[in-house]
Amino acid sequence: MGLERSSKLQPLCCAVLAIFIVSFFCVSAPSQAQQRTSPPGRLLASNCFHCHGPSDVSPGFERLTGKSVNKLMKEMRKYRSGAEGDSIMARHALGYTDEQLRELVQWLSSQR
Ligand code: HEC
């Protein structure tokens, strides 16, 4: 009797285990794909697009893409230093470290 019950449970345990393994891969696979398509620079720059637009199409705001890394770095550091006053951009620039700014402007500069 006891033996019979455990032999019926075995396939059930295998099924539960299989579902667990499959769902683990389903959950982990998209996040890996996302990492590949969203490098840090692009992710950091997504904050800028609320105002500047993701491309040339950003009426009323300066285009950011395709400019030189040095020019963008200089402008962002100037905003961060407060030399441009207490503007929206000064607030934004304060949120990034030098390393993050470099990642961000390198990505912007690489976009046409
Ligand atoms: C809330 C809106 C807003 C967001 C978000 C924003 N900006 Fe700006 N940005 C502005 C405005 C307004 C100006 C022009 C006025 C000024 O100089 O403060 C500007 C100007 C600039 C300029 C100077 C352009 C030039 O040639 O004169 C640069 C460079 C710039 N932004 C980069 C960025 C980057 C990089 C980000 C993301 C980290 C960003 N901005 C996010 C509003 C925004």
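## Burial and overall fold

Of the 112 residues in the protein chain, buried residues make up 8%. Keep in mind as you look around that this is a predicted model.

The protein chain is built from six helices, with zero strands. Now for how the chain meets itself: among its contacts with a separation of 6 or more, 63% are between residues 24 or more positions apart.

## The nonpolar core

Let's turn to the inside. Seven residues form the largest nonpolar core: Ala 45, Leu 64, Met 76, Leu 101, Leu 104, Val 105 and Leu 108. Which helix gives the most to this core? That is helix α6, spanning residues 98–110, with four residues. As a general background, nonpolar side chains in soluble globular proteins tend to be buried together.

Leaving aside residues up to four places away in sequence, Ala 45 touches Leu 104, Trp 107 and Leu 108.

## Around the ligand

The ligand has 16 residues around it, and those that come nearest are Cys 48, Cys 51, Glu 62, Ser 87 and Met 89.

Several helices take part here. At least two residues of the shell come from each of α3 (49–52), α4 (69–81) and α5 (88–93).

Technical notes: Residues numbered from 1 in each chain as written. Predicted model: local features only at pLDDT ≥ 70, side-chain atom pairs only at ≥ 80, totals over all residues. Near = placed C-beta within 6 Å. Core = buried A, V, L, I, M, F, W, Y, C linked by C-beta atoms within 7 Å. Buried ≥ 20, exposed ≤ 12 C-beta atoms within 10 Å, placed from the backbone. Contact = placed C-beta atoms within 7 Å.
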